[in-house]
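Here are my notes for a first look at this one. Have the sequence and the model open side by side while you go through the points.

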Amino acid sequence: MKSMIVLLGPPGAGKGTQGEKLETELGYVRLSTGDMLREAVRNGTELGKIAKGYMDSGALVPNDLIINLMKEKIESLGKVPGIIFDGFPRTVEQAEALDKELDIDLALNFDVEDEVLVSRLTQRRSCPDCNAVYHLSNKPPAKEGICDKCGAALYQRDDDKEETVRNRLKTYREKTFPLVSYYEKTGKLVTIPGTGEIDAIFAQVKKAIQ
Ligand code: AP5
């Protein structure tokens, strides 16, 4: 069973959705740099103050800040059954830094076309407390506007407005897409179509992890 897993793919490809299912089913720790940064923004930390402007415009937060954040997080974990990296690495420099920390077993790449991504993200609703993710029509919560898992009021992320989503897609193509060939060269890459039923995609994810 593979235990050190990177989730790759453009914004809205389903990294969080599939990562959350893996976390529940396998007991692995999911490290989402996006969730960590949003928490830093909410708490008004120094990192949050710097990161906010980059996030709101759809750009990436500078590599040195992200690499330090992740290194500290990995060191604080101690021994765990596995780690799911969601949204990290996002540049070749980040991938090289991660390779110095541990051996990645698998890079799972979710392939979804742009117009589907825009529609998914503009209709996404997120939980500020437990980070669960919903969609107004594809995955609505049982009670409108309320998180099924923890009961908090759902919100729309600032960067899920259409103009910012398109900037995020541009940033993805320029900065993150090169990671597909980075991991292909190491023989660790598995690409899965990210469209279709969430559970059907999850069945393919589990197969890739065996
Ligand atoms: P981050 O939070 O990581 O955002 P992202 O990569 O843009 O990814 P998303 O969370 O938007 O999408 P996802 O793939 O997780 O999709 P999801 O499962 O939610 O990063 C935000 C920002 O932080 C960045 O822009 C950057 O500024 C900064 N940042 C973060 N990490 C960084 C790093 N390493 N370096 C530098 N900067 C960094 O699904 C989306 C929607 O689709 C949901 O509504 C869901 O319900 C729905 N959905 C999912 N699967 C399906 C399906 N199969 N069918 C129908 N609907 C589906």
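1. Let's begin with one residue. Setting aside neighbours within four places in sequence, arginine 30 is in contact with Gly16, Gly19, Glu20, Glu23, Asp35, Ile84 and Asp86 (contact means heavy atoms within 4.5 Å). Arginine 30 lies in strand S2 and is buried, with a relative accessible area of 15%. For the cut-offs, buried is under 20% relative accessible area, exposed is over 50%, and partly exposed is in between, using a 1.4 Å probe and protein chains only. Arginine 30 and glutamate 184 are 154 residues apart in sequence and 23 Å apart in space, C-alpha to C-alpha.

2. A word on what you're looking at. This is a predicted model, where local features need pLDDT of at least 70, side-chain atom pairs count only at pLDDT 80 or more, and totals for chains, interfaces and linings use all residues. Residues are numbered from 1 along each chain as its sequence is written, and side-chain values use heavy atoms, with hydrogens and water left out. Helices (H or I, at least four residues) and strands (E, at least two) are DSSP runs, numbered from the N terminus.

3. Now the sheet. It is open and has 5 strands in the order S2-S3-S1-S4-S7, with parallel pairing (two strands pair if DSSP finds at least two bridges between them). S2 and S7 (189-193) are at the edges with a single partner strand each, so one side of each has no neighbour in the sheet. On average, neighbouring strands are turned by 20° against each other, direction ignored.

4. Which way do the residues of S1 point? Met4, Val6 and Leu8 go one way and Ile5 and Leu7 the other, and all are buried. With 5 of its 5 residues buried, S1 (residues 4-8) is largely enclosed by the rest of the structure. S1 pairs with S3 in the parallel sense over 4 bridges, and leucine 7 stands opposite aspartate 86 in S3. S1 also pairs with S4 in the parallel sense, over 4 bridges; here valine 6 stands opposite alanine 107.

5. S4 (residues 106-111) and S7 pair in the parallel sense over 5 bridges. Aspartate 111 has proline 193 in S7 as its bridge partner.

6. Helix H2 packs on the sheet, touching S2 and S3, and its direction makes about 60° with that of S2. These angles run from 0 to 180 degrees between N-to-C directions, and axes are lines fitted to C-alpha atoms, for helices over the stretch in contact. In H2 (residues 33-43), the buried residues are Thr33, Gly34, Asp35, Met36, Leu37, Arg38 and Ala40. What covers them includes S2 (29-32), H3 (46-57), H4 (63-77) and S3 (83-86). After H2 comes glycine 44, with a positive phi near 65°.

7. Last, a helix pair. H6 (residues 114-122) and H7 (residues 162-176) pack at an angle of about 135°, with axes 10 Å apart. H6 and H7 are therefore oblique to each other (under 35 degrees counts as roughly parallel, over 145 as roughly antiparallel, 65 to 115 as roughly perpendicular, and the rest as oblique). Among the residues making the contact are Leu117 and Leu121 of H6 and Val165 and Leu169 of H7. By class, the contact of H6 with H7 has 5 nonpolar, 1 polar and 6 charged residues. Here Ala, Val, Leu, Ile, Met, Phe, Trp, Tyr, Cys and Pro count as nonpolar, Asp, Glu, Lys and Arg as charged, and the others, Gly among them, as polar.
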